[in-house]
Amino acid sequence: MTKHLDSHLRTHCAIDPDGRITFRLPSAPASRPQLLLRLRPKKGRPETTLHLLDLEPGRADGGLHAVLEPQPALDEGRWDLYLLPEPGAERQRLRPGLKDLRALADGHLRDRPSPVAVRIPYVTKDGFLALRAWRRTAHAEARTIDVTAQAVTVEARLHGAELRADATVRLRLRGTDTVRELRPRIDDDGRGFSFTVGPEDLAGGADAPGRIWDAFVRPTTGAPPVRVGRLLDDVADRKHVFVYPALTAGGSSARPYYTVDNDLAIEVTATESPICPK
């Protein structure tokens, strides 16, 4: 059973450039307090993954603090935070206090080794503190997305791998085996790249009124495709934050957007009957 705490018990958190997160809580009557991180299970599934951090008395304010180190990397997903007053006690959900996420704002400027691990503290819809975590062998970070009357151009940077001369961008029609391959423009360092998508690249495919193309980059022939998205800053959920204009041609409208997992996709709809992407 989960006990919801009064709103006055709040947890402050700060993250440093290495991804280390420090949590600070008010002092609590407990013998061996711990901070419990719970990977939120998929709907209808039991919880299986928990992570415990010891809470230690603070030196200055007398409160409690715990440090989540960059390693080991958390499994990808959403992690809810709880206070566990002592082992075996009833866990207590935590509300957010001050969040210092300044170190994440320019995270896209630093090259990341493989595996690429990201954790972003955020506030849930019901007002509690949680972490959004990603862990990927490699990641292509979208930077600038430019939509004109003729095309969509995306600038990105690959982390955890390098691009070879035979690298390709792959647009995969969601729910099908249909793939469009594009040749990216690759920077001299083998990490930065850009690609342009025109209406002809998004034509055909499914006959449904709406279709969605997911974006990947394949660093070299035979390598696994790497998802293009935006993870390396302080925005945990960007789908409804970053809204782009649409490219309209041939009776259809193509609009780039970020999915619920912050991955890049392009939604194509008939101009007379648009749909809302999932």
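## Strands and a hairpin

Two strands pair if DSSP finds at least two bridges between them, and strands themselves are DSSP runs (E, at least two residues), numbered from the N terminus. With that in hand, look at S2 and S3, which form a hairpin with five residues between them. In the turn, Gly19 has a positive phi of about 95°.

This is a predicted model, where local features need pLDDT of at least 70 and side-chain atom pairs count only at pLDDT 80 or more, while totals for chains, interfaces and linings use all residues. Residues are numbered from 1 along each chain as its sequence is written, and side-chain values use heavy atoms, leaving out hydrogens and water.

## The partners of S2

S2 covers residues 10–15. Four bridges join S2 to S3 (residues 21–25), and the two run antiparallel; here His12 has Arg24 as its bridge partner. Another four bridges link S2 with S10 (residues 95–100), this time in parallel, and Thr11 is partnered there by Pro96.

## The largest nonpolar core

A nonpolar core is a set of buried (under 20% relative accessible area, 1.4 Å probe, protein chains only) Ala, Val, Leu, Ile, Met, Phe, Trp, Tyr and Cys residues joined through side-chain atoms within 4.5 Å. Which members of the largest core touch the most others? Among its 33 residues, they are Phe23, Leu35, Leu37, Leu68, Leu81 and Leu131. Strands including S2, S3 and S12 each supply at least two residues of this core, and S12 gives the largest share, five residues.

Terms used
Buried means under 20% relative accessible area, exposed over 50%, partly exposed in between (1.4 Å probe, protein chains only).
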